[in-house]
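Here are a few friendly notes to read with the structure open beside you. Take them one at a time, and find each residue as it comes up.

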Amino acid sequence: MSAPPTPEPRTPLDVESEAFAVAIAVAIVSAIVGGLLFAGTNPPIWGGISLGVVSAGSILIAGVIVAYVGYWRSRTVAGQQWRLELKSWKFIVDATTVAFVHAVLAVLAAIAVFLLLQRSFQGLTLDPPFTTIALALVTALAAYWIYLSVSSITTPKMSSLLVLFMTFGTLTAMATSSDPAWWEYHFSQLGTFGDRSSSLFNLTLIIAGFFVTTFALYLQRDLQLLVDRRVLVNPKAPRTVSIYFVVMGIMLACVGIFPLTVSVLLHNLSASGMAVAFLVLLISSPWVLKGLPGRFFLVSAGFAVALVFGALLFEPIGYYNLTAFELVAFAIIFAWIAVFIRYISALTEQTAYRAAPDAAPAPTGAPA
């Protein structure tokens, strides 16, 4: 049997044109749906059958579909051909994670905007034509951004999206919590109320966990390139680091899957497992990642000292409560992940440039 034909290469201009066409199609569908939902009503900006709530749902549905289509269509764009070489299960996992992160990010941004508008224009109601047009416009803009973003995925972009996703998700859960005194207990209290706020918090942790796990695919390729170029001494570094990230991702997802109201034991084991995996990676990095410049390990040591100092401020000093320490610990972990990913990506591009100074550095951040 002959090999299947390779899809025709596509340019960034093709992607831009497709993104615009997709936005128009999404706007038309959203306008039809909005016309039916808002007919004969005067909806508010937020709450119930409102512009904000319907827009959030529209962005979520359209965003996931558009992200899948954009991810699949862009597999032949320059710098993204690695998607053609992915095994089916890797392609599905990567596409699913990327799609949901983009869609939920867009939804969280929309919620924040509409909540702010509702507080700014209290008591304002809208007429059906304006609401329908606004719904179509907001959904189309989200679809346009999502299509362009998923069409060019790199490891640094993934790290930036992770930070944004965790920040927006947790801040939104905090702001909408049904218990204003949740912070007097602990960070995980946000996921125990059984309402939309708790569901959002737990969902954020679950999706972020899968997102961290997906990093393993990207990092393994970047680290393997550094091994092949004899920057890293340990040939097992790519697989070892990817395993650490898979474990951290699974543990983070389990924190959301098992909130305290489901199982205190499983919740605490998941949270502790993530912290242990991170500390082992941090402590073993001088041996696992031997060959990286010394300044990277100095930065890592700084993160470790900050984590220990943060723990001491909680106990025995008692400067702040458990919630504050958990927030500090999460911030340190995800900040280190972001720095590590960007550092490895920059080093990969730098070594590629030195190896071929007349050629443009190859795009990094694609799983093998």
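1. Start with Ile 337, which touches Leu 162, Phe 215 and Phe 245, leaving aside residues up to four places away in sequence. Please keep in mind that this is a predicted model.

2. Now for the wider setting. The largest nonpolar core has 92 residues, and Ile 337 is one of those that touch the most other members. Leu 162, Phe 245, Leu 289, Leu 292, Trp 336 and Phe 340 belong to that group too. Which helix gives the most to this core? That is H6, with 15 residues.

3. Next, look for the largest pocket, with a volume of about 610 Å³. Its lining has 22 residues, and nearest the centre lie Trp 46, Val 107, Ile 111, Arg 196 and Leu 200. Helices H2 (51–73), H3 (88–120) and H6 (196–228) each supply at least two residues of this lining. By class, the lining of the largest pocket has 13 nonpolar, seven polar and two charged residues.

4. The second largest pocket holds about 460 Å³ of space. It is lined by 19 residues, and Ala 271, Ser 272, Ala 275, Glu 326 and Phe 330 are the closest to its centre. Two or more lining residues come from each of H6, helix H8 (264–288) and helix H10 (322–355).

5. How many residues does H8 give to the lining of the second largest pocket? H8 gives seven, the most of any element. Sorted by class, this lining has 14 nonpolar residues, four polar and one charged.

Notes
Residues numbered from 1 in each chain as written. Predicted model: local features only at pLDDT ≥ 70, side-chain atom pairs only at ≥ 80, totals over all residues. Heavy atoms only, no water. 1 Å grid on protein atoms, 1.4 Å probe; cavity = no way out; pocket = protein on both sides within 12 Å on 5 of 7 lines; lining within 4 Å. Points joined across faces, edges and corners; volume = space filled by probe spheres on them. Helix = DSSP H or I, 4+ residues; strand = E, 2+ residues; numbered from the N terminus. Nonpolar A, V, L, I, M, F, W, Y, C, P; charged D, E, K, R; others polar. Core = buried A, V, L, I, M, F, W, Y, C linked by side-chain atoms within 4.5 Å. Buried < 20%, exposed > 50% of the residue type's maximum accessible area, 1.4 Å probe, protein only. Contact = heavy atoms within 4.5 Å.
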